[in-house]
Amino acid sequence: MRTSRKKSGEREYTRMHVSACNGATQLCIFEQWVEPWVGAPTHWHPVEEVLTVIAGKAEMWIDEERVVLIPGQSLVVPAHRKHGFRNVGTETLHIHAVLASPIFEAIFEGSAEPVRRWLPAP
C-alpha cells in the first residue's frame, strides 16, 4: 500500500491499495480523504472508473450532469468522459475509487499532458 502523505496545509490525501507498482495488471484501487469544499477538478481517464462514497457527502459530475452522493452510493464514469467531484459536506469526504487500469492516468481540463501515477517498477 502506498500513501500520498498529507502535508501541513494540504486538504486531501490518497492511499493506493492496488496498482501496477505492486503487481496489478488490470485494476487500480485507491481511497481519498478530502476536506470540505475540496475535490478533484474536471478530468478524464482512458478507462472506466467507479467512485464510491464511504463517508461524507460528494457532489460529482459527468460532463454537465451533477449529482450528490452519500455513503454507500456509487457513480460509474465511462471512459473518456469529463468528470470530477468535491466535498459538499461539513466533514471529511472519504471516497473509494477503482480504475479499469493498473496505472492511474488522467488528463485534467486545461492540460494537454496526462498525469500518470503508480507506474510499475522499472
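**Close-up views of a predicted model: salt bridges and core**

**View 1. The R86–E59 pair.** E59 is buried, with a relative accessible area of 13% (buried means under 20%, exposed over 50% and partly exposed in between, with a 1.4 Å probe and protein chains only). The side chains of E59 and R86 meet in a salt bridge at 2.7 Å, N to O (a side-chain nitrogen of Lys or Arg within 4 Å of a carboxyl oxygen of Asp or Glu). Because R86 lies in strand β9 (residues 83–87) and E59 in strand β6, the pair ties together parts 27 residues apart in sequence (strands are DSSP runs of E, at least two residues, numbered from the N terminus). R86 is partly exposed at 32% relative accessibility, and a network of salt bridges links E59, R66 and R86.

The model is predicted, so local features need pLDDT of at least 70 and side-chain atom pairs pLDDT 80 or more, whereas totals for chains, interfaces and linings use all residues. Residues are numbered from 1 along each chain as its sequence is written, and side-chain values use heavy atoms, leaving out hydrogens and water.

**View 2. The R81–D63 pair.** R81 forms a salt bridge with D63, their closest N and O atoms being 2.6 Å apart. R81 sits in the loop between β8 and β9 and D63 in the loop between β6 and β7 (65–69), 18 residues apart.

**View 3. The largest nonpolar core.** Of its 23 residues, F30, M60, F85 and I95 touch the most other members (a nonpolar core joins buried Ala, Val, Leu, Ile, Met, Phe, Trp, Tyr and Cys residues through side-chain atoms within 4.5 Å). β10 gives the most to this core, with 4 residues.
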